Amino acid sequence: MRKITGQLLYEFDRMSRLDNVRVLILAATNFVDCLDERLLRAGRFELVINFENPNREDREAILKSILGAEQVGPYLEKLLSQTEEMSRAGVAQLAHQAAKSALLRSGTESTTSYREDDFIK
């Protein structure tokens with residue numbers, strides 16, 4: 001992380017010396033609280049926009065879109081309660097990991113069915 005922060009600071013300073021050049025940099029993180037304060041000074045990342053974690057309906061939509069509504073059905077309530085504090089990316093990652101786990105377990109089967117241990121590690 002230090003190398004990335006150092007490189008960003010170097011690039012910011014380098015760009016500030018360019019004449020007649022305007023640069024807009026957009027960045028995203030799930031860990032705003034871990035951002036180095038030097039990155040948030042004037043002339044750098046001056047605006048931080050926070051997005052709330054997804055509500056129950058959004059988490060359900062994410063899970064169903066990745067895993068399939070029928071397949072996730074038996075585990076849906078438990079998953080919704082376990083993902084309450086997760087970001088959208090976190091919920092999607094959990095779903096993708098479950099799909100990968102189920103696929104690896106099923107081998108050559110044409111249909112993939114999920115088990116509880118696909119979701120809970």
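**The charged pairs and their surroundings**

Modeller: Let's start with Asp13 and Arg44, whose side chains meet in a salt bridge at 3.3 Å, N to O. A salt bridge here is a side-chain nitrogen of Lys or Arg within 4 Å of a carboxyl oxygen of Asp or Glu. This pair joins distant parts of the chain: Asp13 belongs to helix α1 and Arg44 to the loop between α1 and α2, 31 residues apart. Helices (H or I, at least four residues) and strands (E, at least two) are DSSP runs, numbered from the N terminus.

Before going on, please keep in mind that this is a predicted model, in which local features need pLDDT of at least 70 and side-chain atom pairs count only at pLDDT 80 or more, while totals for chains, interfaces and linings use all residues. Residues are numbered from 1 along each chain as its sequence is written, and side-chain values use heavy atoms, with hydrogens and water left out.

How covered are the two partners? Asp13 counts as partly exposed because its relative accessibility is 34%, and Arg44 is also partly exposed, at 22%. The classes are buried (under 20% relative accessible area), exposed (over 50%) and partly exposed in between, with a 1.4 Å probe and protein chains only.

In general, side chains of opposite charge can pair when their charged atoms come close. A search of the whole structure finds 6 salt bridges, and two others deserve a look. In one of them, Asp36 pairs with Arg38, and the closest N and O atoms are 2.8 Å apart. Asp36 is partly exposed at 24% relative accessible area, and Arg38 is partly exposed at 36%. Both residues turn up again around Thr5: leaving aside its neighbours within four places in sequence, Thr5 is in contact (heavy atoms within 4.5 Å) with Asp36, Arg38 and Leu39. Thr5 is found in helix α1 and is buried, its relative accessible area being 7%.

In the other, Glu77 and Arg56 meet through their side chains at 2.3 Å, N to O. This pair too links distant parts of the chain, with Glu77 in helix α4 and Arg56 in helix α2, 21 residues apart. Arg56 is partly exposed, with a relative accessible area of 39%.

Asn20 has its place in the loop between α1 and α2, and its phi is near 55°, a positive value in a residue other than glycine. Asn20 counts as exposed because its relative accessibility is 83%. Ile25 lies in the loop between α1 (2-16) and α2 (56-67) and is partly exposed at 33%. Together with Leu18, Val21 and Val23, Ile25 forms a nonpolar surface patch with about 310 Å² of accessible area. Patches are made of residues with over 30% relative accessible area and no salt bridge, joined within 9 Å for like charges and within 5 Å for nonpolar side chains (Val, Leu, Ile, Met, Phe, Trp, Tyr). Accessible areas come from the Shrake-Rupley method with a 1.4 Å probe, and for residues only the protein chains shown count as cover. Phe51, placed in the loop between α1 and α2, is exposed at 71%. Phe51 and Ser87 are 36 residues apart in sequence and 8.9 Å apart in space, C-alpha to C-alpha.

The helices α2 and α4, which hold Arg56 and Glu77, also meet α5: its buried residues pack against α2, α4 (76-82) and α6 (116-119). Among those buried residues are Val91, Leu94 and Ala98. Just after α5, Gly107 takes a positive phi of about 65°.

Stepping back, the chain has 6 helices and 0 strands, and buried residues make up 23% of its 121 residues. The chain has a radius of gyration of 20 Å, whereas a compact globule of 121 residues would have one near 14 Å. That radius is taken over C-alpha atoms, and the globule rule is 2.2 Å times the number of residues to the power 0.38. Along the principal axes, the C-alpha atoms fill a box of roughly 60 × 30 × 25 Å.
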